[in-house]
Amino acid sequence: PQLVSDMLGLSPTETRLALLLVSGKSIKDFAVIEGCTWHTARTHIKNLMRKSGCHRQLELVQLLQSLHIG
């Protein structure tokens, strides 16, 4: 998790979301796990996408997989 956070400049919450996405979970799964609303989870994914430079979730997952994360 620290590697992902450091490489992409992510917050701890964004890092947890990234790792859940790469493990095959959805944004809604993240909201349930974190105990937040779907709208809050959407805000986290938007920030994550901006920081990673990705435009689609698939692109983000592929980036993380290329880094051998998850």
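S26 counts as partly exposed, at 30% relative accessibility; buried means under 20% relative accessible area, exposed over 50%, and partly exposed in between, with a 1.4 Å probe and protein chains only. This is a predicted model, in which local features need pLDDT of at least 70 and side-chain atom pairs count only at pLDDT 80 or more, while totals for chains, interfaces and linings use all residues. Residues are numbered from 1 along each chain as its sequence is written, and side-chain values use heavy atoms, with hydrogens and water left out.

S26 sits in the loop between α2 (12–22) and α3 (27–34). Helices here are DSSP runs of H or I with at least four residues, strands are runs of E with at least two, and both are numbered from the N terminus. A polar atom of the S26 side chain lies 3.3 Å from the backbone nitrogen of K28. A polar contact is a pair of N or O atoms within 3.5 Å; within protein, one must be able to donate a hydrogen and the other to accept it, and residues adjacent in sequence count only if both atoms are side-chain atoms. From Q2, S26 is 24 residues away in sequence and 21 Å away in space, C-alpha to C-alpha.

A polar atom of its side chain lies 2.9 Å from the backbone nitrogen of S11. Contact means heavy atoms within 4.5 Å; not counting residues up to four places away in sequence, E14 touches H44, N47, L48 and K51. T15, also in α2, is buried at 5% relative accessibility. With residues up to four places away again left out, T15 touches P1, V4, S5 and L10. A18 lies in α2 and is buried at 0% relative accessibility. Leaving aside neighbours within four places in sequence, A18 is in contact with V4, L10, L48 and L64. The C-alpha atoms of A18 and Q65 are 11 Å apart, although these residues stand 47 places apart in sequence.

Helix α4 (residues 38–52) comes next. Its 15 residues reach 21 Å from the first C-alpha to the last, close to the 21 Å expected at 1.5 Å a residue; the expected span is 1.5 Å times one less than the number of residues. Within α4, the buried residues are A41, H44, I45, L48, M49 and S52. They cover an arc of only 135° around the axis, and therefore lie on the same side of α4; the arc is that of the directions from the helix axis to the C-beta atoms. An α-helix has 3.6 residues a turn, so residues three or four places apart point the same way. The face of α4 turned away from its buried side carries the exposed residues H39, K46 and R50. The buried residues of α4 pack against α1 (2–8), α2, α3 and α5 (57–66). After α4 comes G53, with a positive phi near 80°.

In α5, the buried residues are L60, V61 and L64. Their arc around the axis is only 95°, which puts them on the same side of α5. What covers these buried residues includes α1, α2 and α4. L60, leaving aside neighbours within four places in sequence, is in contact with L21, I45, L48, M49, S52 and C54. L67 lies in the segment after α5 and is partly exposed, with a relative accessible area of 26%. Between L67 and H55, 12 residues apart along the chain, the C-alpha separation is 18 Å. α5 is followed by H68, whose phi is positive, near 60°.

The cysteines remain to be described. C36 is partly exposed, with a relative accessible area of 24%, whereas C54 counts as buried at 8% relative accessibility. A search of the whole structure finds 0 disulfides, a disulfide being a pair of cysteine sulfur atoms within 2.5 Å.
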